[in-house]
Amino acid sequence: MEQRQSALENVVLIVENIFNGIYKNKTVFVTGHTGFKGAWLSIWLEALGAKVVGYSLNPKAEPSLFETIGLEKKIISVIGDVRFRDKLESLFNEYKPAVVFHLAAQPLVRRSYIEPVNTYETNVMGTLNILEAVRKTDSVRACLIITSDKCYENREWAFSYRENDPLGGFDPYSSSKACAELVTDSYRKSFFGSTETGFRKAAVSTARSGNVIGGGDWAADRIVPDIIRALTADRPVPVRNPGAVRPWQHVLEPLAGYLWLAALMFSDHKSYNAAWNFGPGASGNIKVRDIVDQAIKLWGCGAWTDLSEENKNAPHEANFLKLDCTRANNILGWYPVYNVSEAMEETVKWYLQYYKNNSANIYSYTLNQIKNYVKKAHQGKPAWCYKTI
């Protein structure tokens, strides 16, 4: 208890003058809280003074950030499946959330080829079930559906994708996220964001994030977890697509965007109902091999092996993807805080703390990384640090 109090006292900066103080004493419903991004979001919300209700399956990764930081002791954690609409509606009725973040998903491209039905059921029907629960719950004033940068029809072009570009998806995962976007858009137009009779005064938006990296990710088929697993086992890092270009960013970057967008939606139910990209600047769009090289250098030793030849007959994965975040820059005042090198440095530092320093103190260390991120943001121009709604 003393360690927890000390940790919270050490992050006073997190709760002062950011996100307009919207989350303090609010009930916030987070699906996917046992996942990598969901756990980071939940711990930040808890530090902001929110009453967090998490709903998700048990963590699939071993270890997991959720278990590592003891998140189940810090929030209300309910284990369940987003495909169970009755269960969701019951929880909404019980806790009456003011804000909803929907992150629960089957999140992996390669798994979607093996489990296409589960992928569509979870990512499409799960989203529909959340929207139905929101529609029937008068307390909800803002609902943010998290989809993916892969929801766009990827043409492997050199241009960055904008929010009004065509949706699509070669693989079941990408297609399911495009479907989730369409379902949300229909619900938004049909039931929310209007003062007309029969329309709820609630804001519903979607967020499309670039590839996130950060400490505490041990999921399968992601490059940073693959790197860490190999380095801790003194094996070469297996790299399937070393030449693939992705929009890399630290996990706190899109989460800051989600928190700020939802805060604005909470205060204005009409002006922010849209799709929003959250990705790095141009310098963050680099090849997988560059990410691997940076990680090995920061770790202090290691090597990697090119599996692209062995992987050439594997299921299709896009090779080139960039996001245009002009809308978020200009309208939300959201900008990245870390460049890609800083993002990778913070990521590797977290794993070094866990594996080589003091894993028992990882909760406090995680909070401290949020504090340092906010501190650096105050030196820049993100509106969430200072703007009053």
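A helix here is a DSSP run of at least four residues, and helices are numbered from the N terminus. The model is a predicted one.

Arg85 is partly exposed, with a relative accessible area of 37%.

Side chains of opposite charge can pair when their charged atoms come close. In the whole structure, a search finds 18 salt bridges. One of them joins the side chains of Glu121 and Arg83, at 3.0 Å from N to O. This pair links distant parts of the chain, 38 residues apart: Glu121 lies in helix α7 (residues 116-135), and Arg83 in the loop between β3 (76-79) and α5 (85-95). Glu121 counts as partly exposed at 34% relative accessibility, and Arg83 counts as partly exposed at 34%.

Another salt bridge brings together the side chains of Arg208 and Glu181, at 2.8 Å from N to O. Arg208 sits in strand β6 (residues 203-209) and Glu181 in helix α8 (residues 172-191), 27 residues apart. Both residues, Arg208 and Glu181, are buried. Elsewhere, salt bridges with shared partners connect Arg85, Glu89, Glu132, Arg135 and Lys136 in one network.

Phe66 belongs to helix α4 (residues 65-68). Its relative accessible area is 6%, so Phe66 is buried, the cut-off being under 20%. Beyond its neighbours within four places in sequence, Phe66 is in contact with residues including His33, Thr34, Pro59 and Leu71. Thr34 is 32 residues from Phe66 in sequence, but their C-alpha atoms are 5.2 Å apart in space.

Note on methods
Residues are numbered from 1 along each chain as its sequence is written. This is a predicted model: local features need pLDDT of at least 70, side-chain atom pairs count only at pLDDT 80 or more; totals for chains, interfaces and linings use all residues. Side-chain values use heavy atoms; hydrogens and water are left out. Helices (H or I, at least four residues) and strands (E, at least two) are DSSP runs, numbered from the N terminus. Buried means under 20% relative accessible area, exposed over 50%, partly exposed in between (1.4 Å probe, protein chains only). Contact means heavy atoms within 4.5 Å. A salt bridge is a side-chain nitrogen of Lys or Arg within 4 Å of a carboxyl oxygen of Asp or Glu.
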